[in-house]
Amino acid sequence: MTSLTSDSVLEQLKSIRSPVTGGDIVSLCMVSDILIEEGKVVFSIKINPAQEKEMESVRQAAQEVVEKMPEVTSVLAVLTAEKKPSSPQQPVNDISKRPVAPQVKHIIAVASGKGGVGKSTIAANLALAFVEMGKKTGLLDADIYGASQPRMMGVRPRPDANEDDMVVPPTAHGLKVMSIGFFMDEISPVLWRGPMVHGAIQQLLRDIEWGDLDVLVIDMPPGTGDAHLSIVQNVLLSGVVIVSTPQDVALSEAKKGMMMFQKVNVPVLGLIENMSYHICSSCGHREDIFDHGKVRAAAQKMNIEFLGEIPLNSEVRAAADIGTPLVSAKKDHVISETFRNIASSVWTSLSAEKVGCPAEKSGCGGCCGQC
Ligand SMILES: Nc1ncnc2c1ncn2[C@@H]1O[C@H](COP(=O)(O)OP(=O)(O)OP(=O)(O)O)[C@@H](O)[C@H]1O
Ligand SMILES: [Mg+2]
């Protein structure tokens with residue numbers, strides 16, 4: 001029988017005191033949502049959002065004390081606020097107010113409505129195409145419900161922290177990669193409550209040492225849930241790329257996802273039709289397995305740029321499975337060329353729309369060369 005229980009975790013956390021009131025965080029009822037799964041522990045510490053800075057040391061101390069428990073293999077403590085997030089109706093995409101990663105010029109999300117349509121595959125290949133274009137690029141896997149990038153990019157180790165306690169992202173194929181999966185492996189995030197998702201995403205965004213980047217690509221979870229809200233509120237995206245397969249059910253979900261971003265003034269940089277068709281590698285017969293062309297038609301109807309179509313192709317899948325996405329594994333492949341064209345169109349939109357230039361908002365008048 002295991003001795004690792006919520007009670008034993010709480011017992012340890014009684015040693016941690018709040019610097020604000022002086023009492024211990026358990027007696028102050030600040031600890032909640034303790035999840036334990038095979039040695040992995042996640043819990044939240046509820047705080048007044050105005051005291052976030054002071055409470056970071058409490059979070060770290062709480063995490064350390066639980067890490068020392070004999071049966072614990074990994075711990076994630078997140079600070080959560082009961083304060084309701086601001087209304088998504090309000091325009092929030094003012095890049096000059098970006099609270100995280102101010103030295104990153106452009107942050108773009110790759111999103112969809114439906115799951116499994118190829119967001120992670122496209123995010124990985126797009127990011128690698130940016131690297132080929134000579135852009136300093138990062139890839140953040142924000143899929144709290146099933147991180148894919150550690151496998152797709154072939155990076156596993158838990159990243160190190162620097163002397164300022166910032167996490168240094170590992171580099172793979174010339175790209176800085178960070179994923180919630182580095183920290184939490186396989187704990188069941190289905191059980192996570194909304195505030196915990198917000199807390200985890202905020203930490204993921206705030207505590208990473210990206211350095212100077214031209215572009216950071218965020219691989220989003222499916223749907224339009226708490227993680228999305230957290231990202232649009234904390235990141236202030238330069239734009240979003242929407243991925244859909246041509247089938248009706250995926251497209252209608254993609255439109256819902258797109259509307260969520262548009263509501264908060266995040267520019268939609270374009271739509272991609274993934275699994276657009278399939279060419280049999282033996283006989284060359286073409287089959288439109290999930291239908292074909294509906295994403296292009298939808299983009300035209302909505303007056304949004306159509307970025308391109310990616311066929312269903314076993315080499316795309318196999319390259320991602322072995323940790324070297326197609327753009328790096330097979331540079332001459334015709335689909336790698338398509339990914340490069342898509343990356344180039346996205347970059348052109350970012351530059352043309354002048355989205356995401358902090359200097360522009362502060363009224364520099366163009367002297368930085370970015371706006
Ligand atoms: N164009 C493609 N050709 C062949 N296989 C593909 C293609 N795009 C994606 N896949 C495969 O389909 C599966 C789902 O893709 P992926 O994980 O990128 O989707 P996702 O939208 O990120 O899923 P989730 O919503 O779960 O995050 C993976 O096994 C991937 O390798
Ligand atoms: Mg994914």
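**Exercise 1. The ligand site**

How far is an oxygen atom of ligand 1 from a polar backbone atom of Gly118? Then describe the shell around the ligand.

*Solution.* The model is predicted, so local features need pLDDT of at least 70, side-chain atom pairs count only at pLDDT 80 or more, and totals for chains, interfaces and linings use all residues. Residues are numbered from 1 along each chain as its sequence is written, chains are lettered from A and ligands numbered from 1 in the order in which they are written, and side-chain values use heavy atoms, without hydrogens and water.

Step 1. Take the polar contacts (pairs of N or O atoms within 3.5 Å). The Gly118 distance is 3.0 Å. A backbone N or O atom of Gly116 lies 2.9 Å from an oxygen atom of ligand 1. For Ser120, a polar side-chain atom sits 2.8 Å from a ligand oxygen atom.

Step 2. Check the cover. Alone, ligand 1 exposes 630 Å², and the protein buries 80% of that. Areas come from the Shrake-Rupley method with a 1.4 Å probe.

Step 3. Collect the shell (residues with a heavy atom within 4 Å of the ligand). Ligand 1 is surrounded by 18 residues. The closest are Gly116, Lys119, Ser120, Thr121 and Pro311.

Step 4. Sort the shell. Eight residues are nonpolar, seven polar and three charged. Here Ala, Val, Leu, Ile, Met, Phe, Trp, Tyr, Cys and Pro count as nonpolar, Asp, Glu, Lys and Arg as charged, and the others, Gly among them, as polar.

Step 5. Assign elements. Helices (H or I, at least four residues) and strands (E, at least two) are DSSP runs, numbered from the N terminus. H3 (119-132) and H10 (314-321) each supply at least two shell residues. The largest share, three residues, comes from H3.

**Exercise 2. Helix H8**

Find the span of H8, its buried residues and their packing partners.

*Solution.* Step 1. The expected span is 1.5 Å times one less than the number of residues.

Step 1. Buried means under 20% relative accessible area, exposed over 50%, partly exposed in between (1.4 Å probe, protein chains only). The buried residues of H8 are Ala250, Leu251, Ala254, Gly257, Met258, Met260 and Phe261. An α-helix has 3.6 residues a turn, so residues three or four places apart point the same way.

Step 2. The buried residues of H8 pack against E4 (104-111), H7 (226-235), E9 (239-244), E10 (268-274) and H9 (294-302).

Step 3. Look past the end. Asn265 follows H8, with a positive phi near 65 degrees.

**Exercise 3. Positive phi in loops**

Where is Cys29 found, and where is Asp291? Classify the accessibility of each.

*Solution.* Step 1. Most residues other than glycine have a negative phi. Cys29 has a positive phi of about 55 degrees. For Asp291, phi is near 80 degrees.

Step 1. Cys29 is in the loop between H1 (6-13) and E1 (31-37). Asp291 is in the loop between E12 (286-287) and H9.

Step 2. Cys29 counts as exposed because its relative accessibility is 60%. Asp291, at 34%, counts as partly exposed.

**Exercise 4. Ala172**

Is Ala172 buried or exposed? List what Ala172 touches.

*Solution.* Step 1. Ala172 is in strand E6 (171-172). Its relative accessibility is 7%, so Ala172 counts as buried.

Step 1. Beyond four places in sequence, Ala172 touches Met153, Val155 and Val177.

Step 2. Thr324 is 152 residues from Ala172 along the chain, yet their C-alpha atoms are separated by 8.9 Å.

Conventions:
A polar contact is a pair of N or O atoms within 3.5 Å; within protein, one must be able to donate a hydrogen and the other to accept it, and residues adjacent in sequence count only if both atoms are side-chain atoms. Contact means heavy atoms within 4.5 Å.
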